[in-house]
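User: I would like to learn how to read helix faces, cores and helix packing from a model. Can we go through one together?

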Amino acid sequence: MAGPAALRIGLTGGIGSGKSTVAAALAALGASVIDTDAIARSLTVPGGAAIAAIAAQFGAAFVDASGALDRSRMRELAFADPAARQRLEAILHPLIRAETARQADAAQGTAIVFDVPLLIESGRWREQVDRVLVVDCREATQVERVMARSGWTREAVQAVLAQQASRRSRRAGADAVIHNDGLSHEELRAEVRALWEGWRASV
């Protein structure tokens, strides 16, 4: 179990920034990584803790034949209707917070990384972590990466970007920024390692 002095790192970045690669590099260095996106997904699989509430709030059409959240239908609604997105968040966020706290209590080692896509947007994480690390890159890079890995259209990726914090606001809330444009995986891991070693030496 992580001790009371464990370094708490908030990790964030826009879609396609390389945040997941940085999280994996931190895990390889010994950090316990808590992925709030993965927690959210676990809540909306067949039998997930949020499925009944989602069906009650939005209707059975938003649950697919397997019993999981129909992600494409919900994504379309949430982007078109901010009030619907808020209703979904009201279901998911308390469950995500509870599971995040449970995993943090059970974490091993001297550092815990909270991988939170909307860390800056939430407004509540700054006081809960010791450091905020932002993974940043050009918007054009984000678009190309997401199109290549997910098969989304350019317009779909840009719609997601429009819902997220701006690069400027993310950087303004950061203790450190990794600029992930044109870096090889080896170079990116080296940047993460240098930052990790500096932070570990300071505590």
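Analyst: Start with a cut-off: a residue counts as buried when its relative accessible area is under 20%, and as exposed when that area is over 50%. The model here is a predicted one. In helix 3, the residues that count as buried are Ile51, Ile54 and Phe58. Seen down the axis of helix 3, these buried residues fall within an arc of 60 degrees, so they line one face.

User: Why do residues spaced along a helix end up pointing the same way?

Analyst: An α-helix has 3.6 residues a turn, so residues three or four places apart point the same way. On the other side of helix 3, Ala52 and Ala56 are exposed.

User: Which elements do the buried residues of helix 3 pack against?

Analyst: They pack against helix 2, helix 4 and helix 5. Just after helix 3 comes Gly59, with a positive phi of about 105 degrees.

User: Which residues of helix 1 are buried?

Analyst: Helix 1 covers residues 19-28, and its buried residues are Lys19, Val22, Ala23, Ala25 and Leu26. Down the axis of helix 1 they fall within an arc of 160 degrees, so they too line one face of the helix. Ser20 and Ala28 are exposed on the face turned away from the buried side. The partners of the buried residues of helix 1 include strand 1 (7-13), strand 3 (111-115) and helix 10 (185-201). Gly30 follows helix 1 and has a positive phi, near 115 degrees.

User: How should I read a nonpolar core, and which residues touch the most other members in the largest one?

Analyst: The largest core has 27 residues, of which Ile54, Phe58, Met74 and Phe114 touch the most other members. Helix 2 (36-43), helix 3 (51-58), helix 5 (82-106), strand 3 and strand 4 each supply at least two residues of this core. Helix 5 gives the largest share, six residues.

User: What does Phe58 contact, leaving aside neighbours within four places in sequence?

Analyst: Phe58 is in contact with Met74, Leu77, Ala84, Arg87, Leu88 and Ile91.

User: At what angle do helix 2 and helix 5 pack?

Analyst: The angle is about 120 degrees, and the axes of the two helices are 10 Å apart. That makes helix 2 oblique to helix 5. The crossing of helix 2 past helix 5 is right-handed.

User: How far apart are the axes of helix 4 and helix 5?

Analyst: Helix 4 (residues 71-80) packs against helix 5 with the axes 5 Å apart, at an angle of about 120 degrees. The two helices are therefore oblique to each other. Met74, Leu77, Ala78 and Ala80 of helix 4 meet Pro82, Ala84, Arg85 and Leu88 of helix 5.

User: Where does Glu139 lie, and what does Glu139 touch?

Analyst: Glu139 is in helix 7 (residues 139-150). Its relative accessibility is 43%, so Glu139 counts as partly exposed. Not counting residues up to four places away in sequence, Glu139 touches Leu161 and Arg167. From Glu139 to Ile51 is 33 Å, C-alpha to C-alpha, and the two are 88 residues apart in sequence.

Methods: Residues numbered from 1 in each chain as written. Predicted model: local features only at pLDDT ≥ 70, side-chain atom pairs only at ≥ 80, totals over all residues. Heavy atoms only, no water. Buried < 20%, exposed > 50% of the residue type's maximum accessible area, 1.4 Å probe, protein only. Helix = DSSP H or I, 4+ residues; strand = E, 2+ residues; numbered from the N terminus. Arc of directions from axis to C-beta. Contact = heavy atoms within 4.5 Å. Core = buried A, V, L, I, M, F, W, Y, C linked by side-chain atoms within 4.5 Å. Axes fitted to C-alpha atoms, helices over the stretch in contact; angles between N-to-C directions. Parallel < 35°, antiparallel > 145°, perpendicular 65-115°, else oblique. Left-handed = near helix turned anticlockwise from the far one by under 90°.
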